Amino acid sequence: MCAPDYCLAATRVIRMSNAMTLSSQFSVIVPQLGAINAAQDQLSLELAVERATTALGMDMYLFAAEVPVDDGTPFLPLFGTIPPAVLSAFVQHGLYANNPVLTHIRSHQEGTIFPSERFQNHPNFPLLTKALASFGAVGAAYTPVISGTDGLAVFATYSRTAVPQESQLAAQRLIGTAISLRVIGFSASKTPGTNDLSETQQTILQWMERGKSNGDIATIMGISKRACDYHVGEILRKLDVCSRTQAVLAWRRA
């Protein structure tokens with residue numbers, strides 16, 4: 001079960017959607033919000049999110065608990081149904097630090113549609129369009145959601161048939177917020193397995209706590225950055241958290 005505060009917040013999200021029965025978009029997702037809130041593990045959560053995505057009329061989704069602001073940071077804290085190779089391509093083409101969609105979301109804290117006229121003059125517009133086409137999507141909807149960290153959390157959905165409508169963003173944000181609350185609840189209700197960390201991983205965590213980047217830690221410890229990235233991924237997995245920030249908080253609690 002999730003922590004009481006988070007359960008209460010998720011219940012409010014569901015009640016808010018129940019109050020919007022005049023909109024078919026909202027009424028369609030009410031059962032899916034309930035399923036997300038009731039999810040007891042990662043698998044049941046992912047199945048509930050996939051059903052919610054389908055209820056919105058979309059084909060694929062991506063949930064990111066903390067989107068990196070620079071392209072040297074591994075994009076680890078996520079789950080979804082788009083191919084991992086697409087995320088690797090984002091790093092290769094510098095599409096985290098110089099992404100007009102993410103910049104818009106960070107600046108305005110509002111959802112947006114891609115492709116859209118507001119992004120057409122950006123130099124990376126063709127690369128983003130190509131990235132969508134690489135897994136059969138013709139359009140995407142992105143919404144920022146409540147986060148358990150200081151980073152940007154995003155719920156994105158993708159369509160193989162048509163560019164989404166702006167009207168679906170409010171409903172999508174409800175789904176994304178419900179997901180985020182459930183993920184936060186998972187982290188809050190579990191005891192981190194710090195004893196499972198290797199000596200190297202514990203040292204890396206200590207440097208993470210001091211605010212060092214993966215590149216800095218690799219240099220300090222005399223290991224390759226790729227090795228450091230691997231250990232950070234293992235730390236997140238073993239502590240069952242979604243970001244470096246949550247890993248440090250779990251380490252401090254333990």
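Author: A crossing of two helices is right-handed if the near helix is turned clockwise from the far one by less than a right angle, and left-handed if it is turned anticlockwise. Please keep in mind that this is a predicted model.

Reader: Thanks! Which hand does the crossing of α8 and α9 have?

Author: Happy to start there. Helix α8 covers residues 199–209 and helix α9 covers residues 214–221. Looking at how one passes the other, the crossing of α8 and α9 is right-handed.

Reader: How many nonpolar residues does the contact of α8 with α9 have?

Author: On the α8 side are T200, T203, I204, W207 and M208, and they meet I217, I220 and M221 of α9. Sorted by class, this contact of α8 with α9 has no charged residues and 2 polar ones, while the number of nonpolar residues is 6.

Reader: And how are α8 and α10 oriented: roughly parallel or roughly perpendicular to each other?

Author: Helix α10 spans residues 225–239, and its axis comes within 10 Å of that of α8, crossing at roughly 90°. The range of 65 to 115 degrees counts as roughly perpendicular. The orientation of α8 and α10 to each other is therefore roughly perpendicular.

Reader: How many charged residues does the contact of α8 with α10 have?

Author: From α8 come T200, Q201, I204, L205 and M208, and they meet C228, H231, V232, E234, I235, K238 and L239 in α10. By class, the contact of α8 with α10 has 7 nonpolar and 3 polar residues, and its charged residues number 2.

Reader: At roughly what angle do the axes of α9 and α10 cross?

Author: Helix α9 passes α10 in a right-handed crossing. The axes of α9 and α10 come within 8 Å, and they cross at roughly 115°.

Reader: How many polar residues are in the contact of α9 with α10?

Author: In this contact, N214, G215, I217 and A218 of α9 meet K225, C228, D229 and V232 of α10. The residues of the contact of α9 with α10 include 4 nonpolar and 2 charged, and the polar ones number 2.

Reader: Now for cavities: which residues lie nearest the centre of the largest cavity?

Author: A search of the whole structure finds 3 cavities of 30 Å³ or more. The largest cavity has a volume of about 220 Å³. It is lined by 19 residues, and those nearest its centre are L62, F90, L102, Y142 and Y158.

Reader: How many nonpolar residues does the lining of the largest cavity have?

Author: Elements giving two or more residues to the lining of the largest cavity are β1 (60–67), α4 (84–92), α5 (100–108), α6 (125–133) and β5 (152–159). By class, that lining has no charged residues and 1 polar one, and its nonpolar residues number 18.

Reader: Where is Q109 found?

Author: Q109 is a residue other than glycine with a positive phi, near 50°. As for its place, Q109 is in the loop between α5 and β3.

How values were computed:
Residues are numbered from 1 along each chain as its sequence is written. This is a predicted model: local features need pLDDT of at least 70, side-chain atom pairs count only at pLDDT 80 or more; totals for chains, interfaces and linings use all residues. Side-chain values use heavy atoms; hydrogens and water are left out. Axes are lines fitted to C-alpha atoms, for helices over the stretch in contact, and angles run from 0 to 180 degrees between N-to-C directions. Helices (H or I, at least four residues) and strands (E, at least two) are DSSP runs, numbered from the N terminus. Contact means heavy atoms within 4.5 Å. Ala, Val, Leu, Ile, Met, Phe, Trp, Tyr, Cys and Pro count as nonpolar, Asp, Glu, Lys and Arg as charged, and the others, Gly among them, as polar. Angles under 35 degrees count as roughly parallel, over 145 as roughly antiparallel, 65 to 115 as roughly perpendicular and the rest as oblique. On a 1 Å grid over the protein atoms alone, a cavity is a set of points where a 1.4 Å probe fits but cannot get out, and a pocket is an open set with protein on both sides within 12 Å along at least five of seven lines; lining residues have an atom within 4 Å of a point. Grid points are joined across faces, edges and corners, and a volume is the space filled by probe spheres set on the points.
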